[in-house]
Amino acid sequence: MPVFGLIDANSFYCSCQRAFDPALKRRPVVVLSNNDGCAIARTKEAKALGIKMGDAWHLIRKDRKLAGVEWLSSNYPLYADMSRRVFEVLTDLVPRVEPYSIDEMFLDLSGINDLESLCVKLRQDVSQITKIPTCVGWGPTKTIAKLANAIAKDRPELEGVCDLTGAGARERYYRNLDVGEVWGIGRRSVEKLHASNIRTISHYVDADEKLIRAISGILGERIQSELRGDSCLRLSDMAPQRQGVSCTRSFGRPITEPEEMREAVCGFATRAAEKLRGEGLEGGHIAVFIQTSPHARQWGWYSGQRALSIPATNDTLVMVRHATRLLREIWRPGYRYIKAGVHLTDLSPDGAQASLLEPRNMAAESAMRAMDEINQRYGKQVLRPASIGVNRNWSPRQNMLSPRYTTKLAEIMVAGTF
Ligand SMILES: [Mg+2]
């Protein structure tokens, strides 16, 4: 019988900051998104003060109640590196570890005898070596492991671990937990389920499959099987997961016109989004940079970068819109730009951050799919957003930075692998 574990870092970004600054211990800490300045991670002390995810910093910073809060800018390179360290500690003890997001990893615990001791040790080692506090939950399916993890996090008396391998233990929680606590059951489905008198997880597990399918589709049915203990979401192959997708380029000649730069940057955003879709990923963070030549300072030197946390997406048109906006903020006239690029980070599996059962933007998704298919068949960017432009004489092939494949490597920079 398979056993899946889920280890999840507590307030991950804040914990990374604390790992390097003991003064932050036991204090309310909030990590802010790069540009917008809204809260994207909070310690439990900060949560207790009523700070919510997405609260805008400029609106709450002057609140006297929050005078003791430590506000920090996000530091994605640090978080990515800490995530890698956690992964390495885990792989020392567990043969198969599958990163799910930057701070959550699924574990294959099949065939292990003393699961409780192992999971306690996993937490201890991660905390000792990386200084990151975590919780571990485990059970016969991924959905149950995820639920076990949430229970471990919610109940301090469990000391960070929760075992839901036994049907008896599951039933106890199923009876008392709302169906909305289950991973993948979205808000709209929860409303419909409640209206059909399916309130607890027990109700959901015992409901007729046809009813579940009618309310929440095939995915809802799959979640029902998973909650019953039949695993249908497997640990995927252990392909290293990207941490970032980049598209950057040195221009064949300096760019001085904003319109030309806009076309170039939109082209990079298009290519990067395509790359994400090709790998079944979405990006939750976009950065745009432009710079002049450091070797031609007689023309004036300037380097601008702006970044933004966004709802996870791989939609070209959405990326192009964000990229255009960021570019507008960093563009300074009068310079001779020779390089620009777009970096997408905070990656997650396609659709993982959205709730599985929430209606997605199907029209946009099928448009993207059609675009990818046509481009695959007829050549790179036969179909593309009009914002990329038609002439693109800043990038004549012979003027790329490096010859041969190095140009392609420059386009696609992997910041690191898990
Ligand atoms: Mg977490």
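I note here that the model is predicted.

**Entry 1: overall content**

I recorded 14 helices and 12 strands in the protein. Of its 418 residues, 50% count as buried. I then looked at contacts with a separation of 6 or more, and residues 24 or more positions apart account for 68% of them.

**Entry 2: helix α8**

I returned to α8, which spans residues 187–195. Its buried residues are Ser189, Val190 and Leu193. They cover an arc of only 100° around the axis, which puts them on the same side of α8. On the face turned away from that buried side I found the exposed residues Arg187 and Ala195. The cover over the buried residues of α8 includes α9 (201–206) and α10 (209–228).

**Entry 3: helix α5**

I next examined α5, residues 115–130. This helix has 16 residues and reaches 22 Å from its first C-alpha to its last, close to the 22 Å expected at 1.5 Å a residue. I listed Leu115, Leu118, Cys119, Leu122, Asp125, Val126 and Thr130 as buried in α5. Why do they count as lying on the same side of α5? They cover an arc of only 125° around the axis, which places them there. In general, an α-helix has 3.6 residues a turn, so residues three or four places apart point the same way.

I also asked what covers this buried side. Among the covering elements of α5 are the strands β1 (4–9), β6 (104–108), β7 (134–139) and β8 (161–163). The helices α1 (12–20) and α4 (76–93) are included as well.

After α5 comes lysine 131. Its phi is positive, about 70°, although lysine 131 is not a glycine. I placed lysine 131 in the loop between α5 and β7.

I noted arginine 26 under this heading too, with a positive phi near 60° in a residue other than glycine. Arginine 26 lies in the loop between α1 and β2 (29–32). Is arginine 26 buried or exposed? At 68% relative accessibility, arginine 26 counts as exposed, the cut-off for that class being over 50%.

**Entry 4: the magnesium ion**

I looked up the protein donors of the magnesium ion and found Asp8 (OD), Ala9 (O) and Asp103 (OD). They lie 2.1 to 2.4 Å from the ion. In sequence, the donor residues are spaced D-A-x93-D. Alanine 9 lies in strand β1 and aspartate 103 in the loop between β5 (97–101) and β6, so this pair ties together parts that are 94 residues apart in sequence. I checked the exposure of alanine 9 separately: its relative accessible area is 7%, and alanine 9 is therefore buried, since that class requires a value under 20%.

**Entry 5: packing of α1 against α4**

I examined how α1 and α4 meet. Their axes come within 10 Å and cross at roughly 90°. The two helices α1 and α4 are therefore roughly perpendicular to each other. On the α1 side, the contact is made by Phe12, Tyr13, Cys16, Gln17, Ala19 and Phe20. On the α4 side, I recorded Tyr76, Leu78, Tyr79, Met82, Ser83 and Arg85.

Technical notes
Residues numbered from 1 in each chain as written. Predicted model: local features only at pLDDT ≥ 70, side-chain atom pairs only at ≥ 80, totals over all residues. Heavy atoms only, no water. Helix = DSSP H or I, 4+ residues; strand = E, 2+ residues; numbered from the N terminus. Expected span 1.5 Å × (residues − 1). Buried < 20%, exposed > 50% of the residue type's maximum accessible area, 1.4 Å probe, protein only. Arc of directions from axis to C-beta. Contact = heavy atoms within 4.5 Å. Donors = N, O, S within 2.8 Å, 3.2 Å for Na, K, Ca; no water. Axes fitted to C-alpha atoms, helices over the stretch in contact; angles between N-to-C directions. Parallel < 35°, antiparallel > 145°, perpendicular 65-115°, else oblique.
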